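Open the model in your viewer and keep the sequence panel beside it. The stops below go from the whole chain to single residues.

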Amino acid sequence: MADVLLEMRGISKRFPGVLALDGVDFRLRRGEVHALMGENGAGKSTLIKALTGVHMRDEGKVVLDGVEIDPRSPRQAEELGISTVYQEVNLIAHLSVAENICLGREPTVFGKIRWGAVKRRAEEAMARLDLRVDVSQELSQCSIALQQMVAIARALDIRAKLLLLDEPTSSLDANEVAELFVVMRKLRDQGLGIVFITHFLDQVYGVSDRITVLRDGRLVGEYETSKLGRMELVSRMIGKDASKLERGEKRAAGGKAAGGVFVEAKQLGRRGSVSPMDIRIGKGEVVGLAGLLGSGRTEMARLLFGVDKADEGYVEVDGRMVTLGSPKQAIRLGFGFTPENRKTEGIVPHLSVRENIILAMQGRRGMWRALSSREQMEIAGRFIEALGIKTPSPEQAVCNLSGGNQQKVLLARWLANEPRLLILDEPTRGIDVGAKAEIEKLIGQLCEAGMSIVFISSELEEVVRTCQKVVVLRDGAKVGELEGEQVSEEAVMQTIARHADEA
Amino acid sequence: MKLDYAEAGSVGRPMPDWLVKLIWPVAALGLLLAFNLAFTSLFFRLEWRDGHLYGSLIDVLNRGSPVMLLALGMTLVIATGGVDLSVGAVMAISGAVAAQMINVPGMPFGLVIAGALAVSVLAGVWNGLLVGIFKIQPIVATLILMVAGRGVAQLITGGQYTTFTDAKLVYVGNGHLFGLPFPVTIVFVMLVVTGLLTRKTALGLFVESVGDNEKATHYAGISSRAVKFMAYVFAGLCAGLAGLVAVSNIKCADSNHAGLFLELDAILAVVVGGTALTGGRFYLLGSIVGALLIQTLTTTMYMRNVSPEIAPVPKAIVIVAVCLLQSPVFRNQMRRIAKWRPA
Ligand SMILES: Nc1ncnc2c1ncn2[C@@H]1O[C@H](COP(=O)(O)OP(=O)(O)OP(=O)(O)O)[C@@H](O)[C@H]1O
Ligand SMILES: [Mg+2]
């Protein structure tokens with residue numbers, strides 16, 4: 001077959017205690033977008049990394065463009081024409097956007113870097129994604145979504161035959177995804193082969209030509225996207241009938257029954273990030289913060305958890321004014337927070353799954369009242385089971401887990417702490433379809449029991465499905481509040497748009 | 001993914017992490033001892049005199065004690081992602097305080113020890129404040145006391161070599177208990193105390209968590225300030241004990257030379273023992289083995305009449321070798337080379 005660009009045959013990869021890939025075959029044709037699908041821990045990222053030389057494969061053969069290849073480092077893979085966006089954004093936080101885009105291939109004259117050219121090239125790369133940003137700002141100052149866009153821009157800047165995208169859209173909103181798809185289609189038409197990993201079925205059907213499904217490190221099959229229904233796809237992924245997978249029904253303001261206001265933010269704001277606003281969170285209520293990228297969702301969450309200090313307004317808990325000077329104080333009030341950036345702010349990578357799960361709980365108990373190892377094992381075991389965390393043992397270092405499973409560990413840390421208010425910033429980022437439903441169900445139960453939630457997601461559909469109330473933000477200010485029946489995707493979009501016109 | 005218990009089972013239960021980390025330093029120590037067994041036969045001679053054991057092996061334990069004590073405190077500091085350069089100078093301060101106080105007529109011995117340790121803890125508090133609370137780079141923060149500490153010791157002794165003859169203070173560094181030099185008992189007790197302090201409370205978990213990802217730890221409601229502060233205070237206490245042993249050894253407070261460069265040996269011991277300079281997981285036993293390795297090297301070279309000028313060279317070679325063997329990158333490279341050859 002002349003149109004085959006990449007052929008992987010019998011790829012196996014073993015980690016201590018885990019057979020991550022078990023004789024997987026994968027074939028990519030020229031000019032196609034090929035979705036790689038599977039549950040959390042199915043082996044998708046490992047397959048990508050075995051291709052780019054991050055991991056050495058134990059067995060198997062890779063043929064690119066008719067030539068057998070065996071890159072020993074991501075750098076070599078790039079030289080062979082393989083450009084990759086890894087699941088965990090691995091850029092350098094303290095360099096500028098421009099430097100990150102051009103790193104390792106800076107335009108030079110006689111060995112001297114031409115900074116003007118670097119800047120221009122970075123701007124062009126960003127413009128390809130229809131982004132106009134200041135490329136001289138430091139990367140760590142950018143939101144996770146923007147960092148993800150930078151990683152994509154960097155990958156697109158390489159002249160490649162093969163583009164590998166491992167969950168590039170996990171924190172992007174609809175507009176950015178659309179922008180990315182335009183570029184992907186253009187590249188496909190130029191004859192590139194693109195591998196695309198995502199847990200969003202809409203995106204798979206929106207852009208891919210073909211689908212390969214992995215389960216438990218094995219190949220399930222290769223299908224044409226147009227001939228595989230959604231239900232069938234999900235069934236193949238989870239290995240059982242998908243119709244048994246129940247979506248967490250939207251609780252019709254069920255939590256409201258619990259009644260009463262729990263937390264009330266009054267004219268809470270911080271100069272330069274969020275304008276003063278009121279937010280009221282009832283007991284057992286799920287309140288969504290919706291808005292576009294940079295609308296101040298994350299900033300508001302950080303204020304509520306005491307990560308950043310508010311310089312205007314105050315917060316009342318159970319009707320009493322409280323100080324939120326640090327996460328520690330917030331936790332003492334019964335708050336919990338999963339940040340959007342799980343790699344830098346969430347997981348403690350080299351500690352075990354067990355230690356990561358009990359961390360916040362132990363933090364609240366303090367240094368001297370250590371949980372016994374039996375209690376720790378019991379708690380860890382319970383949440384590994386409840387959230388379906390795939391790990392060979394509770395003692396596995398968290399950095400060895402797949403992305404989605406790391407996210408589950410983070411959720412477990414806070415659920416174990418039994419908070420009264422849980423602030424979730426992109427909690428389902430990278431989590432597979434089945435687990436998402438499980439988690440939604442679990443959260444539903446906890447709200448029945450009286451827990452309140454602040455829910456942030458770039459996936460509007462998810463916000464609308466889970467929240468009884470949605471606070472709409474734009475440019476760091478509150479521009480509307482929708483409640484009960486009013487909550488719908490159109491209503492949220494309209495609220496945002498209306499204020500765009502006014503502004 | 002498939003849970004591959006079969007493979008894990010074939011080697012029995014996977015070895016605990018701390019055991020794995022102990023392999024290389026213990027192997028290096030074993031090799032060095034084997035070398036001595038072959039070439040320096042005197043090394044293994046033990047003698048029983050006046051109810052005490054004597055010999056090079058005992059000497060290693062005895063002379064290695066100050067560095068072992070320093071290494072215990074240094075382990076915690078390094079695990080938080082920091083480093084404490086001042087411990088050598090703090091040893092000098094502690095010794096100076098002890099020597100000065102013991103010469104005051106009627107001063108109870110307990111108060112002398114308490115005084116020396118209290119001053120050392122105070123030094124730790126100073127470092128802890130600078131690093132933990134004011135967020136000054138550990139190297140810079142502890143450099144202050146490293147440089148100024150010896151001056152403080154000079155001030156305490158009035159610029160003199162203060163000698164003493166008090167039997168109890170002399171016993172600290174020269175006495176024997178259970179047939180072994182008394183400092184060995186101090187080290188053993190401190191190892192147990194440190195082990196209990198870190199593993200029976202949550203301190204060990206907090207230290208490793210702060211060192212591994214400070215931001216995430218902060219978000220989990222753990223005060224990284226307090227954790228770092230405690231690590232430096234504890235390092236100060238350990239340095240104080242080491243200073244008492246050192247001053248007692250020579251029955252004289254020598255502000256210029258007591259503990260000189262020992263902070264470097266302590267850092268080396270910790271790194272050789274498997275704790276990474278970048279922070280995170282720490283290994284107390286590893287640090288002790290690391291300290292013993294360094295002392296065995298020193299004693300071996302002394303016995304083989306290696307001139308002190310070139311003595312650092314073999315030391316450097318052994319340490320580099322152990323560190324390389326611990327590096328996963330290096331081991332992978334080696335494995336790859338080993339794999340390639342037959343092809
Ligand atoms: N470095 C590693 N060490 C040990 N085990 C690993 C390592 N990397 C991955 N694994 C294991 O291999 C399996 C496959 O992981 P992989 O990251 O490929 O999953 P994935 O399909 O990308 O999942 P996700 O959708 O959550 O990103 C997982 O069970 C994981 O625990
Ligand atoms: Mg993955």
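What follows is a list of selections, each with a note on what is there. The model is predicted, and that applies to every stop.

**Chain A as a whole**

Select chain A and colour it by secondary structure: it has 17 helices and 22 strands. The radius of gyration is 23 Å, close to the 23 Å that the globule rule gives for 503 residues, so chain A is as compact as a globular protein of that length. Along the principal axes, its C-alpha atoms fill a box of roughly 70 × 55 × 45 Å.

Now switch to a surface. Chain A exposes about 20,500 Å², and carbon and sulfur atoms supply 48% of that area. Of the 503 residues, 58% count as buried. Among contacts in chain A with a separation of 6 or more, 66% are between residues 24 or more positions apart.

**The magnesium ion**

Select ligand 2, the magnesium ion, and show the side chains around it. Which atoms coordinate the ion? They are OG of A:Ser45 and OE1 of A:Gln87, at 2.0 to 2.1 Å. A:Ser45 lies in helix H1 (residues 44-52), while A:Gln87 is in the loop between strand S6 (82-85) and helix H3 (97-102), so the pair ties together parts of chain A that are 42 residues apart in sequence. Check the accessibility of both: A:Ser45 is buried, with a relative accessible area of 16%, and A:Gln87 is buried too, at 11%.

**A:Thr428**

Move on to A:Thr428, in the loop between strand S19 (421-425) and helix H15 (433-448) of chain A. Is this residue buried or exposed? A:Thr428 has a relative accessible area of 9%, so it counts as buried. Leaving aside neighbours within four places in sequence, A:Thr428 is in contact with A:Lys436 and A:Glu462. Show the side chain of A:Glu462 as well: a polar contact of 2.7 Å joins it to the side chain of A:Thr428.

**The cysteines**

Finish with the cysteine sulfurs. How many disulfides are there over all chains? The count comes to 0. Select A:Cys467 and A:Cys447 for one example. The sulfur of A:Cys467 has its closest cysteine sulfur in A:Cys447, 9.5 Å away, which is too far for a bond; a disulfide needs the two sulfur atoms within 2.5 Å. A:Cys467 counts as buried, at 0% relative accessibility. In chain B, select B:Cys238, which is buried with a relative accessible area of 0%.

Technical notes. Residues are numbered from 1 along each chain as its sequence is written. Chains are lettered from A and ligands numbered from 1 in the order in which they are written. This is a predicted model: local features need pLDDT of at least 70, side-chain atom pairs count only at pLDDT 80 or more; totals for chains, interfaces and linings use all residues. Side-chain values use heavy atoms; hydrogens and water are left out. Helices (H or I, at least four residues) and strands (E, at least two) are DSSP runs, numbered from the N terminus. Buried means under 20% relative accessible area, exposed over 50%, partly exposed in between (1.4 Å probe, protein chains only). A polar contact is a pair of N or O atoms within 3.5 Å; within protein, one must be able to donate a hydrogen and the other to accept it, and residues adjacent in sequence count only if both atoms are side-chain atoms. Contact means heavy atoms within 4.5 Å. Donors are N, O and S atoms within 2.8 Å of the metal (3.2 Å for Na, K and Ca); water is not among the atoms, so sites may look incomplete. The radius of gyration is taken over C-alpha atoms; the globule rule is 2.2 Å times the number of residues to the power 0.38. Accessible areas come from the Shrake-Rupley method with a 1.4 Å probe; for residues, only the protein chains shown count as cover.
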